[in-house]
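I open this notebook to record what I looked up, entry by entry, with the cut-offs written beside the terms.

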Amino acid sequence: MINNLNILLPEIFLSLSTFAILMLGVFIKKSFNIIFNLTSLILILTIAIILNNPNHEEKIFLDSFIRDAFSNYFKILILISSLFVLNSSKNFIIENTLDKFEYPIIILLSILGMFFMVSANDLILFYLGLELQSLSLYILASIDRDNLRSSEAGIKYFVLSALSSGLLLYGCSLLYGFTGSTNFDLIANQLNKENVGAVFAMVFILVGLAFKISAVPFHMWTPDVYEGAPTSITNYFAVVPKVAGLALLIKFMLIPFSNILLEWQTIIIFISIASMILGAVAAIVQKNIKRLLAYSSIGHIGYALAGVATGAISGYESAIIYISIYVIMNIGAFSCLYLLKKDGQYKEDISDLSGISKKHPLLAISFLIILFSLAGVPPLGGFFAKFYVFTSVLEQKMYALAIIGLLTTVISAFYYLKIIKTIYFDDSVITFESVKNKTAQVSIFLSCSILLTFFLYPSILNNLVNSLFVS
Amino acid sequence: MNFPILSTLIFLPLLSSLFIFLSKDKKNNFSSIYISLFSSIATFLLSLFLWYSLDVNTADFQFVEEKSWINNFIKFKLGVDGISILFIVLTTFITPICIISCINSVKERVKEFLIAILVLETFMIGVFCSLDLVIFYLFFEGGLIPMFLIIGVWGGSRRVYSAFKFFLFTLLGSVLMLVAIIVIYWLTGTTDIIQIYEIKIPKEYQNLLWLAFLSSFAVKMPMWPVHTWLPDAHVEAPTAGSVILAAILLKMAGYGFLRFSIPMFPLASEFFTPLIYSLSIIAIIYTSLVALMQDDMKKLIAYSSVAHMGYVTLGIFTLTKQGIEGSIFQMISHGLISAALFLCVGVVYDRLHSRLISTYGGLVNYLPKYSFLFLVFALAALGLPGTTGFLGEFLILTGTFQKSYLVAMLATLGVVLGATYMLWLTKRVIFGVTKNSEIETLSDVNKSEIIMLATLAFFVIFFGFYPAPLMETFSVSVNSLIDNYQLALNTR
């Protein structure tokens, strides 16, 4: 038993060090800076630990916890994206007096929750991880507690998310009732099409998961929470929980529900199409960038789900590639927002961007690259994400899904172009201060250079993701 | 051939645009202009060398480069044959002219403009070189980004509308082509064009795939009824943008028909020939009539482009040697002539800031050199014997007469209409009475404008009298294209 504990080493390290810095925060005054830097250190060390951990599949605790290449990939993706999100938003956090020492600690706790989500092989462990993550996210959404909009976002998110967690739990209990087990492998053996109750349970579980990744028709909270929460939190919301949620969804399709894939597929196809269409259409009229990015993230989840909807390994791979590139693009896009400051206020309206191409040409061209990539125009990285997804969709001969998906990319191109139009074609209204935020600039630079040079060696990511499913 | 000459050709402009991007040049933009001019002329010379060393006696692809790109899936494959080399040379020839033209016409953000032009050149050369469907799509679509910016940032008053229309129309057409490309991959297991030529695509798929490709090419060509973005884009784009749009971007679709639609889907190509005939005839006659009624010079030339492209599609789908050769020739000739006409409009626009025909009149009294050059290009555009415009239309009509008298008669009607609007334009702009007193103060063409226009005029007349260098280049490739097409029809 003790010999096996090294499988759990990243989680153990993460939780122990989180509690250690929590103590540090309690006993040292004005400790935000120290805690923040320690958090970054912890994230980097956890990445190192995971990289040192072997990749072959191992299960412990009565097969309820699994460590394999799949979960390790997602853990590293979560850690790296959190690292970038946190560091590029540091100036923003301090300037908006969000610099409470709990901030990074709660983020660490939510990451711990996600670790258990992606590693779970059991309904109970999966639910615990999900709740740990959700509870942390509720607090984060309302972390600017004196701000009405932030508190509103937190409460709204809490009420709706609690409801969805309830549905999810109900689904889990039904599943346990009909299959007699909480273990994913055992559930998979028990399930078949004749088991109507289990199909019922699956629908409940899917509703809960769709809520967490804000897929239509369970997306209602997304725009309000994205707009209300402070930008640094929105950034985190838009990137990290989506990765974990998608991983969980793929995991459910891979193991417990692999025998009732057809029933599960129909629902995912619907959710995917609805998300793509709503994400594209509703974003057109938005005036606030964060709200627009909320709808765009709904649309992007739709594309990733199109990959999942194929129900084939190649489809899951394409969805994982999609979400990875999505993370890169969104980190870049949000980092740009950290550089738009005027009189100490960070601007969020699209019209404020007008004419930044003349005053801040580098920022403008980075934004341009990221936006064209989000729109999926070749030869940028975003195109490859969509290309892989639709390749795998067409492999399964799901022509309607592919054609609808690609048509919505044209609609969504319209609103990305609208931002580009504001940046490049309009005359400037306000002049932004030249903000010195090295980490955000580094994030933007990295994000842009990855997106720009992705076409040179597209197979790096491809090979990496392929290797997740080899065993 | 170990030296990757095609990759060099493609990435040389991109590299120099990076160089310009990094260069600091605050006061005037001389260094950026010189860098871009130098690099684009170097690209042109390289492409001439390529043309010179190309073996025109074989229809095989030459200078083929192959690199694994996405594992087990797509190869980065380039190569040229007798058809594509001419388009590459046209691209590299037009680009330096555009750069020279922007010395006079682009006043602000010159550096960015040059970067956009050079990046666009990379994409355009890539389109004509690629031997893989996905690579082709990448270059084909990638060109949208710089062109969108060229229209939107440096364009006229309605530039936003035109840029959006251009981008969304083209993107909408192309996504169906992307679906078709992926479907072809799953049908044949490859996206390598040479392999797909050999693997016959099943008959039941051909029609739908052909239509998917058409949706993209029809928009790009542009064919009636999806041509409406072109007049808007042309009118609002800056001169250099219009030139590139007319001279090269429109040719991508014609090239696409020759490279993809006909060889990959011969049965569908035969099946849809009547459709293409009708659309082409409508384009020729209808847009010629529309062109007659324009009061904006750029719009008139834009509509005439649609009509000329109608001849091209007509010629390609006659699938006769004369028809296809005429189409390729017409594309090259239109590339030179329409570029020149847009430059001519640009010359007077830079001086008077008006594109309206009614602003001008009697230019011949004050701008004799300009009027002479304008007349040469107007006559070439209406197809006067001795210019390239005549040969292209003549060959296309010869090809069409072999297939259908009715279609050929209707197409010939377009020649008459073409002469009407072109001569009327010339009459109103160059000759007639000088109503506008500002014209008297105008200066004649300056040195850089003379260089651009005279070079174009030289080639228009030279190839009009001596088309052999062009014809010999693509003749063998066209023959093999038709042979393979007939073979596919006979063995169905």
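I count two residues as in contact if their C-beta atoms, placed from the backbone, lie within 7 Å. This is a predicted model, in which local features need pLDDT of at least 70 and side-chain atom pairs count only at pLDDT 80 or more, while totals for chains, interfaces and linings use all residues. Residues are numbered from 1 along each chain as its sequence is written, and chains are lettered from A and ligands numbered from 1 in the order in which they are written.

**Entry: A:Q133**

I looked up A:Q133 and found its place in helix α6 of chain A, where helices (H or I, at least four residues) are DSSP runs, numbered from the N terminus. Leaving out residues up to four places away in sequence, A:Q133 touches A:S110, A:G113, A:M114, A:M117, A:P241 and A:A244. Is A:Q133 buried or exposed? I call a residue buried if 20 or more other C-beta atoms lie within 10 Å of its own, exposed if 12 or fewer, and partly exposed in between; A:Q133 has 23 C-beta neighbours inside 10 Å and therefore counts as buried. I also noted that its C-alpha atom is separated by 15 Å from that of A:V159, 26 residues apart along the chain.

**Entry: α6 and α7 of chain A**

I then followed α6(A) to α7(A), whose axes come within 9 Å of each other and cross at roughly 175°, the axes being lines fitted to C-alpha atoms, for helices over the stretch in contact, with angles running from 0 to 180 degrees between N-to-C directions. That crossing makes α6(A) roughly antiparallel to α7(A), since angles over 145 degrees count as roughly antiparallel, under 35 as roughly parallel, 65 to 115 as roughly perpendicular and the rest as oblique. Among the residues that meet here are A:L123, A:Y127 and A:E131 in α6(A) and A:A153, A:G154 and A:Y157 in α7(A). By class, the contact has 11 nonpolar, 4 polar and 1 charged residues; Ala, Val, Leu, Ile, Met, Phe, Trp, Tyr, Cys and Pro count as nonpolar, Asp, Glu, Lys and Arg as charged, and the others, Gly among them, as polar.

**Entry: two covered helices**

I found helix α10 (residues 221–228) of chain A mostly covered, with 7 of its 8 residues buried. Its buried residues pack against α6, α7, α11 and α13 of chain A. Helix α9 (residues 196–212) of chain A is largely enclosed by the rest of the structure, because 12 of its 17 residues are buried. The buried residues of α9(A) pack against α7, α11 and α12 of chain A. Just after α9(A), I noted that A:S214 takes a positive phi of about 50°.

**Entry: a helix pair in chain B**

**Entry: where the chains meet**

How many residues does the contact take from chain A and from chain B? I recorded 25 residues from chain A and 25 residues from chain B. On the side of chain A that touches chain B, the largest share, 11 residues, comes from α18(A), and the residues of that side divide into 18 nonpolar, 5 polar and 2 charged. Leaving aside its neighbours within four places in sequence, B:V179 is in contact with A:L394, A:A402, A:I403, A:L406 and B:A212.
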